[in-house]
Each structure stands twice: as structure tokens, then as C-alpha cells.
Amino acid sequence: MPTRLLSVVLLTLSLSSGFAQTASEYAVKAVFVFNFLQFITWPETAFESPVSPFVIGVVGKNVFGDHLEQVTTGERYGSHPIVVRYYDDAVNIGECHLIFIESDYTEWDAVLTERSKKNTLIVGDHANFLKGGGMIRFFVENNKIRIEVNKDAIEKNNLTISSKLLRVATVYKK
Amino acid sequence: MERFYSLQSSAFLVAAFFTACPFYSEAQDNSTIAGLKKLSIEELMDIDVTLVSRVPEKLTEVASAIQVITNEDIRRSGATNVPEALRLASNLQVAQLNSSAWIISARGFNTVFANKLLVMIDGRSVYTPLFGGVLWELQNLLLEDIDRIEVVSGPGGSLWGANAVNGIINIVTKKSDRTQGGFASVGAGTFLKEHVAFRYGGKFHPKLFYRAHGQFFSRGNTVLESGEDNVDKWKNAQLGFRMDWYPNRNDEVSFQTDFSKGIRETDGEEKRDSLRSPFDQQYALMRWAHKFSERSNFTLQVYYDRYWREDALGVSDELKTQDVDFQHSIKIGRYNQLLWGVGYRYVDDKVDNGNSFAGLVPTQRMMPIYSAFVHDDISLNKFKLTIGAKYFHNVFSSSEIQPNVRLSFTNKGYMVWTAVSRAIRAPSRFDVDYRLPLPPVAAIVTGSSDFKSEKLMAYETGVRFQVGSKTSFQLSGFYNEYSEVYSVELIEGQYRISNGSRAETWGAEFSGFWQVDDSWRLRGGFTYFDKYLRARPNRNHDPSYLSNDVKNQAFIQSIVDLGSHFQLDFVARYLDYIPASFATVTVPEYATLDARFAYSRKSFEAALVGQNLTSKRHSEFQSAKIPRSAYLKVSFRF
């Protein structure tokens, strides 16, 4: 019996290949974050100099592993190289153009009140994220990543969002 | 013969391990970052993601031996119900007694009436005060919607609730906003005969989410030593509903209710015709979590739970529970995190002794239970000191205080902890109200209202390592001193239930997981346990039947994605032999293998699962044997 099972197992192992359709949650979210840079416009006044970095800040536990680095290596936002920084809590966040707040970080509304006047896009996972002042929220539907977008909050921060991104997102209405 | 069996089994386990290695072609480009970057945003939204299980901060910092079973671990193991899912934690000893009964314990004292474990489902306590254990046949959940199962071995201190002596199992289902959309599955097999499940989640309002679910299954019989079929087929149907409401940033309200009804085949003593033993259960639970500020929040929970269960000989039990629980968490100053709570539970238990020779007297008991706890985490630098105490009072015991102290040291990548705790196992109806035979005949075996709580002094320590996000493992060791343990002794011409036993137990638990690469994950563990259980001085009895525990057990789970659509998963486990006692027979050691092969697409999945594949049938406790079986399950998501 054991040898028969083994041969069945080996046979099924040879049946692989094909177009991959599953990926890990945070690999996909990392690529989404990178896509936001292509559909949202930051004003040049948000940068110190034409070559100063575009900073992505991750607040709370690093749920991305090295996925964000993998996505952004060698990439630029216009003339600005993209850099990823990690912060344990909201207190120490430096200059950031995009902030991602991971879902277990409970003090996320502190980040929102602090950042609401600067040219920052704030992205998060929490159920109430947009109600609390967030700009883009990730949620999962049928095991697929979806985004909910608060257009007004984004525009209030001097950022412009392309209609191409709005088309695929759930638009948040108060 | 047994030695040959274990050599053969270990050879098979090794072979299973190596065949799980992913020898597939390199065409899964789209699951890597490079591949994902090439996709348009619409295509990106079409990708099926495997969700990261969110282990709340408190679990990774908890100074206890804790193992977490995620939703994905359960799905990929082929487990068909909660007890089978619990095999995925190596700090639990899970033995299937017959088709509808399991005996489950942590750190020893596993028996038919295993009573040293606190089991909760979404905050609702499911151990029955009838004997202090769990009727696993009543706990049927839609596995698809379980978020995680937290298994703590050891007295969890004040963090989880009353009556946890050897461990806590906390089963958490997903909130309804995380289970939106439809799910349906149909399965058929040789032991799990039929299984149909569905769930639909939606929202009434952008802030008010719901889900409705239902499940039906019918399960086959186990086999007796003689080769004859055992009389233990059963089936169950259930319907449930849940709502989660987020009215504003500071509040979350949750409501759950469930109705289930089932029936078991049981054997009568007089004739071998199978009788029908029905059971049903209903519950409703509401929870409100309110945040005052970032530093202070509370949870209020209320539930009502009722079950009715009939056994052979017309014996039945109806248990109604009403429970109110309040917990408040507050951060004081820079270093103190204080958690405190109070709870009141009212249990109404009514038993019908039917035609049984033995039973409970009085038949009905009202049992109010009061509990309170305080738990203070003091963080200084990398050290965390936890001081806590639990207060407990039920109708059978005097007030009990259970203090505990825990100390942990955390540095980058590892945490070391140590703890000393006192815990009690409160008297249950079986300890106090048992009579054999029933009145008016004078009792030969009798319970006693003098039965005191069993006591435990636990000394534990452990270390946890986290190496990046790819691997983490933990090792823990414990030494337990039990006093005033259950006994049945001849006192003044009568067998009385008393507290005449004592024990020391010790052991070590290891568990870990390793994300080998994007498509291969391993998790597993092993546990060593030993004990010295005996009668107290000058007491004359043999308590060995109280503890049917294995010295060694281990399991390994391999989860492999073969390319894009196929999944090949294994769970291999080994349990040592259970020695005989005067009331139980030897259960030989066994190793077994479950395998799952699935084809998975966006909204459709077909899985073929084989369970207990290595032998035609095997025994896990007493003599009913679990057969080798297989089932096919097809699921849809829409």
C-alpha cells in the first residue's frame, strides 16, 4: 500500500505547470501600492529637490517582508528614486509621501490627524479606515484584493487621482 | 510486531516528507513580484490571494506556550471538523473515541471525561459543567469561516477565563465583513458520508455586515475489535447567522446565533439493536466593544446557550447557560497595561436518568458562577512582568483565588519567558451528584458535596524564536504539581468520590513553522510528557485510569502549491502507546497520514482527501477503530 500511494503522489507531481493565479496577500498589496504611484499625482512642492526620494513609510509591523523593496528597486516616481522606510509607531515618522498603516497597528488615527495637511497618501487595512480619515483602504472580497477610495480626502491633500484608478475602486461616500 | 510497525511508519513518514518537495516546472511567474508587476490593475484585482493570518500582537508577546492554527492550515489539512483541526496543534493530545466522540487534553489527564481544558468559541465557553469537559459532537462550525484556533497549553493565567488548568482552546470565527459573498461546498466519502455547507455574506448598510450559513453532514460508523461495525453513525444539520456593526470609530457590535439538530446511533445494553439518540443546540451571543481612547477600551458580552442531548437507556441532559462578561483594558502611565474583568454565569442543568443504573441526584441543579480577574502587564525596557489573579466561585466550591506571575524578556528575534501559576479545576456535577445505584437503594458509589476543587501549581518556561517572516519556532517546558485530584475510594463501606489522588507531571513541547519558499510551507511539532500519578498517603485506590496519556507525539504538515492550480498537502502524525489501567486497555502506538490533492481556480475548488491512509483501521482510544477513508469535496465561491 505505501509504495502504491508513493507512485500516485509522484505521478500527480508531474502534472503541474500553467498560468499562475494565486499569490500571497501582501505581495499583491505591495504591487498595488506601487500602482498607486502611477495613478496618483504628487505636486513637485512635496519634494525637497528634483532628485530627493519618494518615501514610502510602513507603520506598525512589517507585513510586507521584502515585497515592497522588490517592487520598488530601481523604480522612480518621475525623477525621484523610491525608498521604503519602516516605523514601529507614529511618533517617529519622517517625511513620507505614501504611508501604509498595517491592520494590527491600533493607533492609526493618530497618524491620520498628524498627516492630514501634508502631501501624503495614507493607505490602510482597517474596516473603519476611510471613516476615520484614511484615503485608500484595502479589503478582501472572495479572496481578491479590492480598494475603497476616499476621493475628497485625497484631493484635500493636494493629490490628484486618475479616473483610471477610480474606475476599478469602490468610491467612498460619506 | 509493534516495533516493526513503527519502523515501517517512520519510513513512510520520511518518504511522505520528501515527496512533498515541490519538483515542479518554473511556470508560476505570476505569483512572484516580477510577474505581478507585469499585470494591469484590473488583472491584479483578479488574482486570488492567500491571506496572511493576523495573529494579534498580544499572542506573539504572550508568556505562554501557545500554538495557532490558521484558516489556511485547516483548509489544507483536509480536516472535516473541529476535533480533526485540533490535531494541527502538537500541544494537544487528540484521540477519536468513536464516530462522534473525541477525547482531547493538553499536558496530560486525557480521559473520556477530560476536564482540565477551557474551550471557547467566539468567547462562549463550551465545556459542560456536567463533567467539566467538552461534548465535541455539539461543536460543529463551518470550517471555512474559522479565522484561527489559539491553543495555549498550561494554565493561561488570567487572560482567558475560569477553569483553565491544563490549557485553553480559543476558536475565533471571522467577522462577517471578512466573509462577504457566497460559499457552497458539497462532499461525499466513505467515512464522512455526505457533507453540504453554504454561507452567504452581505451588508445591510455600509457599516452593517451579516452572514448566514448552514451545514449538514452524515458520518459513518467505526469498527469494533471483532471486525463488526460499531453502532455509532450520526448526522447533524445546522443554521446560523451573524451580524457585525461598526456604527462609528469607537464601537463594534457583534451578534451571533446558531441552531443545530442531530442524531446519533447508540447501543442499548439489553439488545444490540441500534437506538436513536438525538441532540440539539441553540445559542445567541452579543458582544459590544467600545473604545474610550487609545489607552482604554472595554468589551461587554452576553450569551444564552442551550443544549439537549439524549444517550442510550433514555438518559438525557438539558443544560441552559446564561452568561454576562465584562472586561476593561487600560494603559496606566508609560509602563502598565491593566486588564480586569467580572463575569456571572447561571447554569441550569436538568438530567433524566432514564433506565440507567447510575445517574445524578438531584436531577436538576441551578449553578451560579461568579468570576473576576485582574491582570497587569508591566513593561520595562525589554522585560515584561505580568501579575494576575483570578477569583472563582461556584455552587460546589468555596471561593478560589488563582494567582499567577509571568516574566518575559524580548529581544530582536527571540523571547524568553517563565511563569508560576496556581489553577483549580472546580467540582462538576459528576463529582458531587453521582449515584450508583440510584435511590432509593443505598449507594455503592457516590459523589460528595465535600468534593473540593482539584489544585495545580504550575512551573513553566519557554523560548520563542522568530527568524524573519519565514520561520518561527518555540520550545517550552513545564513541571506541574497536582493535589486533591479526583479519586473513587472505599470509605466506610461505600465507594466515595473524593480528592484522594496526587500527581506530578512534566514535559516539553516544541512547535514551529517554516515558509520554505513562496509555494511550500511546513509546520509541525512534538511533545514529550510524563507523569507520576498515585494515591495520596494512606488512601487505598488506583488512579491510573484518570490519565490516558502518550509520552511522545509528533506531527508534520506540508502545504505545497504545485504551479498555479494544484495543491498537494500532507499531514503525518505519530502517537505513542497509551498504557492500560484497570479501567482501560492498552492502545498501541500508531502513525498515520492524511493527504489532500486539490485543483483550485478562482471560484471553484475540488479536493480529494484521504485520511488515516497508512492502515486499514486503527485505534486511538479503547477499542473502537477508525477506518481508513477518503472523500471528495467540491466548493464554489461567488
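Here are some questions and answers about ring contacts and strand pairing in this predicted model.

Q: Why is the pair of B:Phe298 and B:Phe326 called tilted?
A: The ring centres of B:Phe298 and B:Phe326 are 5.4 Å apart, and pairing asks for centres within 6.5 Å. Their planes meet at 40°, whereas stacked needs under 30 degrees and edge-to-face over 60, so the pair is tilted.

Q: What makes this pair a tie between parts of chain B?
A: B:Phe298 lies in strand β17 (residues 296-310) of chain B and B:Phe326 in strand β18 (residues 316-332) of chain B, so the pair ties together parts that are 28 residues apart in sequence.

Q: Why is B:Phe298 called buried?
A: Its relative accessible area is 9%, and buried means under 20%, so B:Phe298 is buried.

Q: Is B:Phe326 buried or partly exposed?
A: B:Phe326 has a relative accessible area of 23%.

Q: How do you know that the charged end of B:Lys116 sits over the ring of B:Phe109?
A: The charged end of B:Lys116 is 4.7 Å from the ring centre of B:Phe109, and the rule asks for a distance within 6 Å, along with a position within 35 degrees of the ring normal. B:Arg219 likewise lies over the face of B:Phe217, at 4.5 Å from the ring centre.

Q: What makes β24 and β27 of chain B a pair of strands?
A: Twelve bridges join these antiparallel strands, and pairing takes at least two.

Conventions:
Residues numbered from 1 in each chain as written. Chains lettered and ligands numbered in written order. Predicted model: local features only at pLDDT ≥ 70, side-chain atom pairs only at ≥ 80, totals over all residues. Heavy atoms only, no water. Helix = DSSP H or I, 4+ residues; strand = E, 2+ residues; numbered from the N terminus. Phe/Tyr/Trp six-rings, centres within 6.5 Å; stacked < 30°, edge-to-face > 60°. Buried < 20%, exposed > 50% of the residue type's maximum accessible area, 1.4 Å probe, protein only.
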